[in-house]
Each structure stands twice: as structure tokens, then as C-alpha cells.
Amino acid sequence: MALRVGIIGAGPSGLAQLRAFESARQKGAAIPDILCFEKQADWGGQWNNSWRIGLDAHGEPVHTSMYRHLWSNGPKECLEFSDYSFDEHFGRAISSFPPREVLFDYIKGRVEKSDVRKYVRLNTVARHTSYNEDTQEFTLTVEDLSTGTTETHIFDKLVVATGHFSVPSVPEFTGIKTFPGEVMHAHDFRGAERFAGKRLLMVGSSYSAEDIGMQAHKMGAASITLSYRTAPMGYHWPWNTVERPLVTHFDGGTARFRDGTQGDFDVVVLCTGYQHKYPFLPSELSLKSANVLYPANLYKGVVWQQNTNLFYLGAQDQYYTFNMFDAQAWFARDVMTGAIEMPSLAEREADIQLWLERQAGLTDHDAEADYQSDYLRELINATDYPSFDLDAVSQLFKDWMRNKHEDILGYRDAVHRSVVTGTVSATHHTRWLNAMDDSLERYLEGPSQDVDGGTPAAVTSSVAV
Ligand code: FAD
Ligand code: NA7
């Protein structure tokens, strides 16, 4: 009997798993019986965004945390699939920081080109899993949301690819209950247009606080205050943006901060991160982790320690994204098929501990980027995933972070060089700060450079324009 593989989630990670098997099939390998369950009506995960908040049309929690005017927050050259380049998809050079719809189109392009749609059951949510130690089989109950019918499937291998930026962490602050303005979590943010003229307080000091704060600036917010728990981000913020230590409490519309300062606000956006939640798994198979580069209990960041028939993709904090999910999916595929032999439990634990120890010593963002590059290197060296220059990508991450520090409103106007094709990205027709139409159509309009055409002056690995 063929191996039976179940995949939960058809976001970039789940699609990477499908693509990994497809790539093996193209090379003549036998393919397992695969079924991938996706609760949304389309694949693409976070990138398939929605205007909805709270519950979707079927009463399920809305998955996406993305929003209008979301432009890539890192250079696309750092996430490029090494078997499907941006040049191949768009037929010409595009800019380094495209908007969501453009990246969604790119993700879909690769899977639509291969014959994997047949494995995916859309509008189907994973509800419950059990594992039988004797037969070494998973029993997965799913519900077809369009008919309300439940079904049970048996799998030898189970891949959890449901993402971990969907279930918000929502702390309590004294007095927030009676804050007279709007209070929301970043998960429910859908666009900053309505913040024009408003005084905003963002709690948190990571990607969401920074990006939603700067979206609000772009859309005409009166002021943006970013409140940090551990450390300020320290960018050169625009004139109407300041950082303050953590809120201690609210008095009506006034927030009081740890340093004794205070401010009056119209809107509070809790950019306080997300929880790892797997309600369809029993607790003994469920990953419990903070948002870190190396969650404990996953061998090579992928294989569940106590049950090597269970795999998690994309469960870590992410410098790399799409290409990391690929590297993980190729690795998981080879573990499933036996092409990669599993070391003993003790050897796996020793390997995990090495990564955890190294993680504990990381001192800055540059070191974190190098760490994740080394992690990918190990995975890629173990499989036939097309390798690429990871040191060059690490450098791209460092250039990007330096650009952010130099110009938080301008870093998305920089161009970077692809390590897959060598192409230098195009200079976009509109600077990010002035770009008010984030549609695919508008993005692809207007003057652009051909792949082999002129490049901006003085390009090294990357350059701000
Ligand atoms: P997801 O994209 O979250 O996909 C998981 C899928 O699983 C979803 O389709 C969901 O519907 C499905 N699912 C969940 N539960 C179930 C269930 N029980 N049954 C069936 N299906 C289920 N990355 C970048 O590279 N660049 C960026 O600019 C960027 N910006 C981001 C901005 C925001 C606001 C967020 C939240 C993330 C951003 N990311 C960005 C990271 C992003 O999470 C990854 O790019 C990528 O989407 C992760 O892929 P994934 O497949 O692991 O998870
Ligand atoms: P992150 O990157 O997980 O960051 C969460 C932030 O929230 C971080 O600054 C935390 O501070 C802060 N936080 C968490 N809990 C609290 C409490 N209780 N009080 C105050 N501050 C808190 O999540 P993001 O949403 O920014 O980014 C997630 C993904 O979305 C990312 O991949 C992006 O691409 C988009 P800390 O530093 O831990 O003190």
C-alpha cells in the first residue's frame, strides 16, 4: 500500500510540501497518496487576505492577519523559490518589495504550473486527530464547511502547516476596558485609511507595530506612539512618531507609560504577537512555543521528537519564508519516504540542544539572520532542493536591516540582486510612501526595466535608490 500523507493547511508551507512531492514525481519517484485540507476557499494562507474580522462566512476564525496596502516587509530576493524565480513568473525584473497581491500571484504561479491542485480539499477544516501507537496511524477528522459533513481519514504521516500568525496574543492592561476609543489587535487590522487625523498607540516593538504604525503615518495619522516591553526599535522615525516604554495603565483616553510620561489617544492597536495554537491536535502532539527561530521539540525544526511520523512546517520565527518552507518540505518528504534515516531519539535531542544553545547566544539581528541561514544550509544539504548562495542571502538581510535603520520610510525603495538569477530588481515606478494603489494591475503598469535592461547605478549586493 502506498504511504498515506495528510497535510493540514495550503498556505506557502503546505504548498511547499505538495511541490516537494511533485518535484520527486517529475524525477520518476513513486508518490504517496496525498490529501491536503485547507479551511479557506482558496490556497495561499496569509496571502489570501480578507476584509473579514472575527469569524468567516462558515463561523470559523478568520485566518489572515494581512491587510490592504501590505507591501513585502523584506526583500523578495530573500524568499525567492530556488526552483521558480520571479523572472520566470513575471517575465521581467520587478521591484524588491512588491505588495501582497503580487506575492500571492507568485506563490500561486508555481503550484498552478504543477499538477497539485488535485490533492487539495478547499473549504475543509481539520477538526480532530488521534494517533494509534500500535498501527502507527493517524486518524484525522475533517469537516467540509460547504456541506457541514465530517469525514475521517487515516494517514501514516501528518504534516501540520497551519501557520502561527493567526491566533492573537492579547494582554490585559489596567483601565483598557474603559478606554473610550477603538482598541484592536493587529490580527484585526485591515487598513489605515480610517486612522487619518487620529492619535495612535501601538503596543509592541516588532514587525506589526512598525508596519502598521508606518501605514498609519502614510495614511495621515496625527501621531503614532510605539510602546515597547523589552527594547525600542530605535529607527529614525518620522516627525509624528515616538517610542515609549510599556503602558502601565489607562485612565480614560490617557495612557501612562513606565517612564512616567503619558499621552492621550484615539486608537490602541495591540501588536503583541500570536500564539501557536493547534486545536485539531491532542496535547501530546501539539507544539507549544513562543515565536522563536528554533522551537524546542522539533528535530531539524521539522520532525516531532516523540513521534517522527508528525511534521511541522513554518513553525519558527521567520527571516526566510517561502524558500525555508521549501527546504523543510523537501526534508520532511525525504524523512517520510525513508531517503533520510532518522537518528535515535537521544541523537536527535542532542542535535536540538545544539541549536537551542546557539539560539540562546544570539545577540543581534545580523546573528539571527546568519543562524537561520545555517539552519537552511543543513536542510538543503540533506536533500535535492536546488541550492542557492545562503551567505549572499544573509548579506541581503543585513543590507535590508541597515537600510531600515537609515530610512524606515524609504527602505522599500531599495533594489537588491537575486541570488537565484543574478537579476537586479527594477526600481518601482512609485516610491512606497507615495504608492496608494497596491493592486497587481497598478504594480505592473508604468515604466519598468527588462530583465536584461539597464540597472540602477553602483549595484553591489543591494543598493538604496
Ligand atoms: P499560513 O500562511 O498562515 O497558512 C496556513 C494555512 O492553514 C491557511 O491557509 C489556513 O487557512 C490553513 N489552516 C489553518 N488551520 C486549519 C485547519 N484547522 N484546517 C485546515 N486548514 C487550516 N512573510 C514574508 O515573506 N514577507 C512578508 O512581507 C510577510 N508579511 C507578513 C505580514 C503579516 C501581517 C503576517 C501575519 C505574516 C507575514 N509574513 C510575511 C509571514 C507569513 O506568515 C508567511 O509568508 C507565510 O504565509 C507562512 O506560511 P504558512 O503556510 O506556514 O502559514
Ligand atoms: P512578533 O514578531 O512575535 O512580536 C510581538 C511583539 O509583541 C514583541 O515586540 C513583543 O515584545 C510584544 N509583546 C508580546 N506580548 C506583550 C505584552 N504582554 N506586552 C507588551 N508587548 C508584548 O509579532 P508581530 O505581529 O510583530 O510579527 C509577526 C509576523 O507578522 C511577522 O512574521 C511579520 O512578518 C508579520 P517583546 O519584544 O517580546 O518584549
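# Domains, ligand shells and helix packing

Tutor: In this predicted model, the centres of domain 1 and domain 2, taken over C-alpha atoms, are separated by 32 Å.

Student: Which residues make up domain 1 and domain 2?

Tutor: Domain 1 has two segments, 4-166 and 274-394, and domain 2 is 176-270. Their contact takes seven residues from domain 1 and nine residues from domain 2. On the side of domain 1 that touches domain 2, three residues are nonpolar, three polar and one charged.

Student: Why is ligand 2 said to lie between the domains?

Tutor: The shell around ligand 2 receives residues from both domain 1 and domain 2, so ligand 2 lies between them. The shell has 19 residues, and Pro171, Ser206, Ser208, Thr230 and Gly273 come nearest.

Student: What classes make up the shell around ligand 2?

Tutor: It holds seven nonpolar, eleven polar and one charged residue. Gly counts as polar, so Gly273, one of the nearest residues, falls in the polar class.

Student: Which residues come nearest to ligand 1?

Tutor: Gly9, Gly11, Gly45, Gly163 and Gly314, out of 32 residues around ligand 1. Two elements give two or more residues to that shell: α1 (12-26) and β4 (124-132). The largest share, three residues, comes from α1. By class, the shell around ligand 1 has twelve nonpolar, 18 polar and two charged residues.

Student: α1 also packs against α5. Why are α1 and α5 called oblique to each other?

Tutor: Their axes cross at roughly 50 degrees and come within 8 Å. Roughly parallel needs an angle under 35 degrees and roughly perpendicular runs from 65 to 115, so an angle between those ranges counts as oblique. α1 and α5 are therefore oblique. The crossing of α1 and α5 is right-handed.

Student: What makes the contact of α1 with α5?

Tutor: From α1 come Pro12, Ser13, Ala16, Gln17, Arg19, Ala20, Phe21 and Ala24. From α5 come Phe322, Phe325, Asp326, Ala329, Trp330, Ala332 and Arg333. Ten of these residues are nonpolar, two polar and three charged.

Student: How do α5 and α7 cross?

Tutor: The axes of α5 (residues 322-337) and α7 (residues 365-381) come within 9 Å and cross at roughly 35 degrees. α5 passes α7 in a left-handed crossing. Met324, Ala327, Gln328 and Phe331 of α5 meet Leu376, Leu379 and Ile380 of α7.

Student: How many residues of the contact of α5 with α7 are nonpolar, polar or charged?

Tutor: Six are nonpolar, one is polar and none is charged.

Student: Which residues of α7 and α8 meet?

Tutor: His365, Asp366, Ala369, Asp370, Ser373, Leu376 and Arg377 in α7 face Leu390, Asp391, Val393, Ser394, Phe397, Lys398 and Met401 in α8. The classes here are six nonpolar, three polar and five charged.

Definitions and conventions: Residues are numbered from 1 along each chain as its sequence is written. Chains are lettered from A and ligands numbered from 1 in the order in which they are written. This is a predicted model: local features need pLDDT of at least 70, side-chain atom pairs count only at pLDDT 80 or more; totals for chains, interfaces and linings use all residues. A residue is near a molecule or strand if its C-beta atom, placed from the backbone, lies within 6 Å of it. Domain bounds come from an automatic or database domain assignment. Axes are lines fitted to C-alpha atoms, for helices over the stretch in contact, and angles run from 0 to 180 degrees between N-to-C directions. Helices (H or I, at least four residues) and strands (E, at least two) are DSSP runs, numbered from the N terminus. A crossing is left-handed if the near helix is turned anticlockwise from the far one by less than a right angle, and right-handed if clockwise. Two residues are in contact if their C-beta atoms, placed from the backbone, lie within 7 Å. Angles under 35 degrees count as roughly parallel, over 145 as roughly antiparallel, 65 to 115 as roughly perpendicular and the rest as oblique.
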